[in-house]
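Open the model in your viewer and get your selection tool ready.

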Amino acid sequence: MKKGITVFMPFSGREIAKKNVEELRKSPLVDEVYLLVSSNAEEIIDDCKSLRVEALFGSRTIELMAKKSDTEHNLFIIHDNLIEFGYFGIERFLQVAEDTGSGIVYSDYYETKKNLRIPHPITDYQSGSIRDDFNFGYVYFISTLALKKAQLSGNKSNYLFAGLYDLRLKISARYPVTRVPEFLYTTIETDTRESGEKQFDYVDPKNRAVQIEMEEAATEHLKEIGAYLKPEFQEINLDEEFFEIEASVIIPVKNRAGTIIDAVESVLIQKTTFPFNLIVIDNYSTDGTTEILKEMASNNPPLIHYIPQRDDLGIGGCWTAGIQHEKCGRFAIQLDSDDLYKDGTTIQTVVDTFRKEKCAMVVGSYQMTNFNLELIPPGLIDHREWTPDNGRNNALRINGLGAPRAFYTPVLRKIKVPDVSYGEDYALGLAISRNYKIGRIYEPVYLCRRWEGNSDAALDIAKQNIYNVYKDRIRTFEIMARQRKNSL
């Protein structure tokens, strides 16, 4: 195998591709440049070769790359954006790859938006970074040995969409995947949507075919690393303890004077065949929320307004205060302080699902709305990617499980809620699903409002990275726990 680098890049127009090839040829390390095209083509650009591919990220494309490369490393540009490498940027990719023996190397980058160059740091890969939307940037630097070994291993599915995802999972099971925390190139960003819009892409119905492939690839990976769980669940007795109250809605709140009345009223109108209450954990609000809740509690006996003794709690800590409260019912049902239950049947529907499916957790479906409760894209979020047989494995691939979340209180009291203000519900879902069945409601029972004060409507890059690292870490913990469970 020769020293040097083979480049693979998409071709959808001569202008961008020509500039990128000129940029790549500035480095003496670059050997062959292959243009990935979707139709018959000869030498589209001088000094380049073309490969016809059905899908850029398909299995056949990855197979072609493995066959054509005869250099020790490959550089795969995954979008047809303009790429400008930093000073000796390509050389730096190679240096790190050789020094660390990594299967994949990727780096931070600059992106140009509206003629401004903005730093875009990304996050380190860990074993829990198996979500299919993990951001590697625009450039994958791949060891040819790792690429060829991945082609010879395990699952031989012919993916149309999940080929690149399957490749990096296979490589990550055998080689380090290494981030260079340096800005090694600049690109022009074309997706200018806010983070709150992007985070639901994977539940878009038009992407269902993609999700099926991604789930298959992720499941095969979990089997390979010993973290796959068969559909065998620990039985649960929902009546093993006495509770005066059948269900409690828990709302952690801090400084939501503009939304808390709507949230509380959506609970108070509920109609059930059993007693329920509402425990609002007021986390030292300073905007008038406390006064609103005191007045509402004085006129509505089901409402318990509780201010915890500690003043250092996140949302998870407030949840723990709620489920440990002596008035907490058999089932604890989530409601965020700026959201609403869809109608007066939500609590009854959730409890009926617990009873029917004999599960430790229930997850509902919700509709996205603006502040005025008008439906906004993508509309219904029902997480139909969840299946009884494979849901708890697929849960490690995606970023959320849906809403509202509801829990059998004795189980939740044992597991404890992470005292954080993002991802605590996801951590609970993973931990509970490790041993217990999770029930699902696919009709909308909840309204999730997006507005300028919402905590994840438009996150900056730094906050997105913090949140993504935490969820990846939670997945890492869970993968380790499942590997340990399987080894016992």
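**Stop one: a helix pair.** Start by selecting residues 260-268, which form helix 8, together with residues 289-299, which form helix 9. The model you are looking at is predicted. The axes of helix 8 and helix 9 come within 10 Å and cross at roughly 25°. Angles under 35 degrees count as roughly parallel, so helix 8 and helix 9 are roughly parallel to each other. Which hand does the crossing of helix 8 and helix 9 have? The crossing is right-handed.

Now show side chains where the two helices touch. From helix 8, pick Ile260, Ile261, Val264 and Glu265; these meet Thr289, Ile292, Leu293 and Met296 of helix 9. Coloured by type, the residues of this contact between helix 8 and helix 9 divide into six nonpolar, one polar and one charged.

Next, select residues 163-172, helix 5. How many of the ten residues of helix 5 are buried? Nine of them are, and helix 5 is thus mostly covered. The buried set runs through Gly163, Leu164, Tyr165, Asp166, Leu167, Arg168, Leu169, Lys170 and Ile171.

Among the helices, the buried residues of helix 5 pack against helix 2 (59-68), helix 4 (144-152) and helix 7 (208-224). Strand 4 (71-77), strand 6 (104-113) and strand 8 (139-143) are also packing partners of these buried residues.

**Stop three: a serine in a strand.** Stay with strand 6 and pick out Ser107, which is found there. Is Ser107 buried or exposed? With a relative accessibility of 0%, Ser107 counts as buried. Leave aside the neighbours of Ser107 within four places in sequence, and display what else is in contact with Ser107: Phe93, Ile122, Phe136, Val180, Glu182, Leu184 and Tyr185.

**Stop four: the cysteines.** Finally, turn to sulfur atoms. The structure holds zero disulfides. Select Cys328, which is in no disulfide: the nearest cysteine sulfur belongs to Cys318 and is 14 Å away. Cys328 is buried, its relative accessible area being 4%.

Methods: Residues are numbered from 1 along each chain as its sequence is written. This is a predicted model: local features need pLDDT of at least 70, side-chain atom pairs count only at pLDDT 80 or more; totals for chains, interfaces and linings use all residues. Side-chain values use heavy atoms; hydrogens and water are left out. Buried means under 20% relative accessible area, exposed over 50%, partly exposed in between (1.4 Å probe, protein chains only). Helices (H or I, at least four residues) and strands (E, at least two) are DSSP runs, numbered from the N terminus. Contact means heavy atoms within 4.5 Å. A disulfide is a pair of cysteine sulfur atoms within 2.5 Å. Axes are lines fitted to C-alpha atoms, for helices over the stretch in contact, and angles run from 0 to 180 degrees between N-to-C directions. Angles under 35 degrees count as roughly parallel, over 145 as roughly antiparallel, 65 to 115 as roughly perpendicular and the rest as oblique. A crossing is left-handed if the near helix is turned anticlockwise from the far one by less than a right angle, and right-handed if clockwise. Ala, Val, Leu, Ile, Met, Phe, Trp, Tyr, Cys and Pro count as nonpolar, Asp, Glu, Lys and Arg as charged, and the others, Gly among them, as polar.
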